[in-house]
Amino acid sequence: MDDPIPYVKGDATEDDVLIAAGIERAAGLIAALPSDADNVFIALTAKGINRDIQVVACAERPAHGDDGIKASYCRLC
């Protein structure tokens, strides 16, 4: 691999891909996909495989009800 940053190609919502990426021994994970549902799923899966992992899951949600303003946020789990 010529790239100095190691990576695993695949769908992070699949357990096998997370395991191939070393989730069992990882200290942390950032879930920042465009889909809130995927980010939550990845965070829960990672915690299920590695209880001690620190997870940051990002999401978008309405900031002020129905005014159309969106806010992005991340939460450490």
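Is E14 buried, partly exposed or exposed, and what is its relative accessible area? E14 comes out as partly exposed, at 42%, on a scale where buried means under 20% relative accessible area, exposed over 50%, and partly exposed in between (1.4 Å probe, protein chains only). The model is a predicted one, with local features needing pLDDT of at least 70 and side-chain atom pairs pLDDT 80 or more, while totals for chains, interfaces and linings use all residues. Residues are numbered from 1 along each chain as its sequence is written, and side-chain values rest on heavy atoms, leaving out hydrogens and water.

As for the overall layout, the protein has two helices and three strands, in the order α-β-α-β-β from the N terminus. These are DSSP runs, with helices (H or I) of at least four residues and strands (E) of at least two. Of its 77 residues, 23% are buried.

E14 sits in the segment before α1 (15-20), and D15 lies in helix α1. D15 is partly exposed too, with 38% relative accessibility. In sequence D15 is 34 residues from I49, yet their C-alpha atoms are 8.6 Å apart.
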